[in-house]
Amino acid sequence: MTIAHAAGGTQIICSANQRPGFPECDERTGGARNACATTYEYACPTGANSQSLAAAMPSQKTGFGANAVLTGTETQCTSGQLLTLTINGAGGVEPNPDINPTNATGAAGQLVPNVTFNVDNDATHPFPQFPRGGGTVAAPNFGGDNYRWADNAAVLIERAPGLTRWWDNTDQGKDTQAEVASWSYKFVSWVKGSSAAQPSCACGFDITVDWPANADPVTTYTQDAAYSSNCHF
């Protein structure tokens, strides 16, 4: 598995169905396609994108793409993400969005050898807070994030013979230019194989966004090797 995260980069997703809910992506059909034989081709931005930094209420999004090469067919594998995050604004820690359940249970070695993830798959719960100080911890707490079904209109994902890939885009925004804010995300994007001969792959990584008062944000990506397996970051 690889994670596409370079600023100014592009993640290509081929979709049999139109996905109008992703305005950041360039939708291509017919002769405008250059990578997909299916009806729709989506070219989606990685790195900081959709920036409105000069607005009274500034905002940006931060994109990445997960790309997994499969040794079997896509029906033999399941995929998804785990996420924990903390949003700090002028008023302190802000509420997290709700979990989008996945089918990872967090069993030891299920996704990464010798690592157990505590996974909450209750859609009525918010994603867990990023651990204080960040870094790796034993049995970390995550919320499930479902990137499994290509016909799920809520996500942009492609599952085809020999590959699984998807695109995600996180939101950052401030109420005023003078606000001091930060975002700390820890993701594990994964594809679970069906047997020892078809092992799982997982990429653990952090995205941090530090946004000072009256200045542009600083966004960084860092791989977390302890939560990664068969990953090229």
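Predicted model: local features only at pLDDT ≥ 70, side-chain atom pairs only at ≥ 80, totals over all residues.

Me: What makes the contact between lysine 186 and aspartate 224 a salt bridge?

Reply: Their side chains meet with N and O 2.7 Å apart. The limit is 4 Å between such atoms, and therefore the pair qualifies. The bridge links distant parts of the chain, with lysine 186 in strand E13 and aspartate 224 in the segment after strand E15 (218–223), 38 residues apart.

Me: Is lysine 186 buried or exposed?

Reply: Lysine 186 has a relative accessible area of 1%; this is under 20%, so the residue is buried.

Me: Which other salt bridge does lysine 186 form?

Reply: The side chain of lysine 186 also meets that of aspartate 206, at 2.8 Å from N to O. Aspartate 206 lies in strand E14 and lysine 186 in strand E13, so this pair ties together parts 20 residues apart in sequence.

Me: Why is lysine 61 called partly exposed?

Reply: Buried requires under 20% and exposed over 50%. Lysine 61 has 23% relative accessibility, which lies in between, so the residue is partly exposed.

Me: How do you know that lysine 61 forms a salt bridge with aspartate 171?

Reply: The closest N and O atoms of the two are 3.5 Å apart, which is within 4 Å. Glu24, Lys61 and Asp171 are linked in a network of salt bridges.

Terms used:
Residues numbered from 1 in each chain as written. Heavy atoms only, no water. Buried < 20%, exposed > 50% of the residue type's maximum accessible area, 1.4 Å probe, protein only. Helix = DSSP H or I, 4+ residues; strand = E, 2+ residues; numbered from the N terminus.
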